[in-house]
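Hi there,

Here is the structure I promised to pass on to you. Have a look at it first, and then read my notes below.

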Amino acid sequence: MPQNSWLTATKPLVIGHRGASGDAPENTLKAFRLARDQGADGIEYDVHLAQDGVPVIIHDVMLERTTNGVGHVSHFTSAELAKLDAGEGEGVPTLDAVLAELGDGFLHNIEIKGGSADPEALVDAVAACVERHNCGANVVISSFEEAILQAATKFAPPVAQAALLDPEAPNIPSFFAGTAVHPYFAVVNAAFMSWATERAYRVHVWTIDDPQAAQRLAALGVSAFITNYPARIRDALQA
Ligand code: G3P
Ligand code: MG
């Protein structure tokens, strides 16, 4: 069985949060390319379903915060979303476009967002896209949403599954059989790492931009660092 690169990595991974979103508009191809250029091992990004059933990369259910559009993401087709300005002239990309350009030899944390689409439809559309690009060995699927994690149990290896832990209400559903947990970095300490190690979970922290904190967590055994500043955290972990 092909192995997942997230789970076999022997050095800490640096992952651009919404791309290199400290230096480029979040969740755009520009931010994803910049993360790669800054030496990141991969990228994290957020997925919703457009009106035409195509997975698109945007954080919120609404367009206003990050684009010049107005209204619900799910009320627009992927072609309409691509024409919006998500910052510096970048459109809202499709998952297909991201995997077509960056699916080979780059790691992807596809965070599936709840709040609008039917979980099954959303997960099926993401799964079809990952399958089409034959990049499952580089993909971790994560979500805060129990219904999404439930639907995501259909992902088979080499795709990996992770539970995102809300710092206010950390919860891992009883059905969860994934191999990683994604906690907020500030909740991770030696006791957390012992808990995760006992359950054989890899620990991928978000969103960590402080070099000293990254060095401390690397020493505790954290496997991946999801950051807005990949170059900064790469430098800290190599120091
Ligand atoms: O996936 C890690 C992190 O992105 C989760 O929170 O709100 O930035 O998507 P958020
Ligand atoms: Mg996210």
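What volume does the second largest pocket have? The answer is about 240 Å³. This is a predicted model, in which local features need pLDDT of at least 70 and side-chain atom pairs pLDDT 80 or more, while totals for chains, interfaces and linings use all residues. Residues are numbered from 1 along each chain as its sequence is written, ligands are numbered from 1 in the order in which they are written, and side-chain values use heavy atoms, without hydrogens and water.

A pocket here is an open set of points on a 1 Å grid where a 1.4 Å probe fits, with protein on both sides within 12 Å along at least five of seven lines, and lining residues have an atom within 4 Å of a point. The second largest pocket is lined by 15 residues, and Val-130, Glu-131, Gly-136, Pro-158 and Val-159 are the closest to its centre.

The largest pocket has a volume of about 280 Å³. Its lining has 17 residues, with Leu-7, Pro-157, Val-159, Ala-160 and Thr-179 closest to the centre.

Now for the metal. Glu-44 (OE), Asp-46 (OD) and Glu-111 (OE) coordinate the magnesium ion (ligand 2) at 2.0 to 2.2 Å; donors are N, O and S atoms within 2.8 Å of the metal (3.2 Å for Na, K and Ca), and water is not among the atoms, so sites may look incomplete. Asp-46 and Glu-111 are both buried (under 20% relative accessible area, 1.4 Å probe, protein chains only).

Enjoy exploring!

Key: Grid points are joined across faces, edges and corners, and a volume is the space filled by probe spheres set on the points. Buried means under 20% relative accessible area, exposed over 50%, partly exposed in between (1.4 Å probe, protein chains only).
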